[in-house]
Amino acid sequence: MELIRGIHNIQPQHHGCVLTIGNFDGVHLGHQALLRQVVAKAHAMQLTATVMTFEPQPLELFAGDKAPARLTRFRDKYLQLKKVGIDRLLCVNFNHHFATMSAEDFVECLLVKQLGVKFLVIGDDFRFGQGRNGDFSMLVEAGRKHGFEVVSTQSFCVSEQRVSSTAIRQALANNELEQAEMMLGRPYSIRGRVSHGRKLGRTIGFPTANIPLKRRVTPVAGVYAVEVYGADSRPVMGVANVGHRPTVKGVRQQLEVHLFDFHADLYGHQLEVVLRHKLRDEKKFESFDALKRQIERDAQTARVWLSERNNVQLRPSNGI
Ligand SMILES: Cc1cc2nc3c(=O)[nH]c(=O)nc-3n(C[C@H](O)[C@H](O)[C@H](O)COP(=O)(O)O)c2cc1C
Ligand SMILES: Nc1ncnc2c1ncn2[C@@H]1O[C@H](COP(=O)(O)OP(=O)(O)OP(=O)(O)O)[C@@H](O)[C@H]1O
């Protein structure tokens, strides 16, 4: 998948495409249904399947710290879009200048002149341009004038609820991990590179791989039973904490994972940590020793939960 970083990097060879536009945070099942239409249409028209997305996401520019937590970082979004079969990703730097572009300019300058859009697929609620003034009917009108077609997809629902990034964040915040998985089409996970921590964990028998979340705010917090990919050729079970570590006066939010029965150096590795089950909220303990005893209990509960779940999943369907 080709990545175009910023509208100033659009070249004449990018002219002519089947396009969709949006945040695509999570690249959930609703997004995937829409993206599959884009890919199918692009094949039929022998054009490139193109996605326009924004970095930062518009609300992150407008609301700053109050913007909702991200489901997927840009890197994860890129990988998921590639998996669905998108050919080209245009990542627009969403700054105040871009935000003041009128809906008319957005269509005429960007969609028509620069991208030469031939077919546009958008969701039923899509709005664009300064003040969110542009809508579906305006695009249809512009399409007639400039010779491109516009279709609006129907809402993709799970259990009669429209799948959306907002609904998934809500499910995660309510500890409804299975509900979130049904909407994402895959379990919720956090990816990142293991960095050096304070190395206190090993002193209490619980070495942890630390994945700094940097400026990322996650829609989850607390202690979880997890499944980790990227540490070994097979998934490794473990227990993880997403939080600020108040007992040891941690400042930055971080993901820390202790892998069961695993003894190898993981510094620098890219891990994917799948959160399977929430055990409890993070809390401040009166001593490091009390925290240690609680982590022992967490690890035991996580082991039991994960092995019960794996037994159910691995049991052959014919009951043998
Ligand atoms: C399963 C698990 C649960 C944890 N729960 C808490 C908690 O409730 N409160 C807290 O302050 N820190 C918690 N921590 C973070 C520990 O404070 C941290 O792992 C320990 O200080 C080691 O840090 P280090 O990896 O930087 O050496 C937890 C860590 C793990 C692995
Ligand atoms: N469930 C869905 N069914 C069909 N189209 C969808 C669905 N969810 C999103 N889309 C469409 O996918 C495109 C990108 O969506 P976008 O990420 O902006 O919205 P979203 O997932 O609904 O997130 P939010 O909850 O923040 O509104 C838009 O055109 C949107 O209308």
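How far is an oxygen atom of ligand 2 from an N or O atom in the side chain of Asp125? The distance is 2.5 Å. The views below come from a predicted model.

View 1. Asp125 meets an oxygen atom of ligand 2 through a side-chain N or O atom, at 2.5 Å. Thr166 also uses its side chain: one of its N or O atoms lies 2.4 Å from an oxygen atom of ligand 2. Gly123 uses its backbone instead, with an N or O atom 2.8 Å from a ligand oxygen. On its own, ligand 2 has 600 Å² of accessible area, and the protein covers 86% of that.

**View 2. The shell around ligand 2.** The shell counts 21 residues. His28, Gly123, Asp125, Phe156 and Thr166 are the closest. By type, 12 residues of the shell are polar, six are nonpolar and three are charged. The space that ligand 2 takes up is the largest pocket.

**View 3. Helices that contribute to the shell.** Two elements, α1 (29-45) and α7 (165-173), each give at least two residues to the shell around ligand 2. The largest share comes from α1, with three residues.

View 4. Ser189 belongs to strand β9, which spans residues 189-193. Is Ser189 buried or exposed? Ser189 counts as buried because its relative accessibility is 17%, and the cut-off for buried is under 20%. The side chain of Ser189 makes a polar contact with the side chain of Glu272, at 2.6 Å.

Technical notes. Residues numbered from 1 in each chain as written. Chains lettered and ligands numbered in written order. Predicted model: local features only at pLDDT ≥ 70, side-chain atom pairs only at ≥ 80, totals over all residues. Heavy atoms only, no water. Near = heavy atom within 4 Å. Polar contact = N/O pair within 3.5 Å; in protein donor to acceptor, adjacent residues only side chain to side chain. Areas by Shrake-Rupley, 256 points an atom, 1.4 Å probe, with all protein chains shown as cover. 1 Å grid on protein atoms, 1.4 Å probe; cavity = no way out; pocket = protein on both sides within 12 Å on 5 of 7 lines; lining within 4 Å. Sits in = over half its atoms within 2 Å of the grid points. Helix = DSSP H or I, 4+ residues; strand = E, 2+ residues; numbered from the N terminus. Nonpolar A, V, L, I, M, F, W, Y, C, P; charged D, E, K, R; others polar. Buried < 20%, exposed > 50% of the residue type's maximum accessible area, 1.4 Å probe, protein only.
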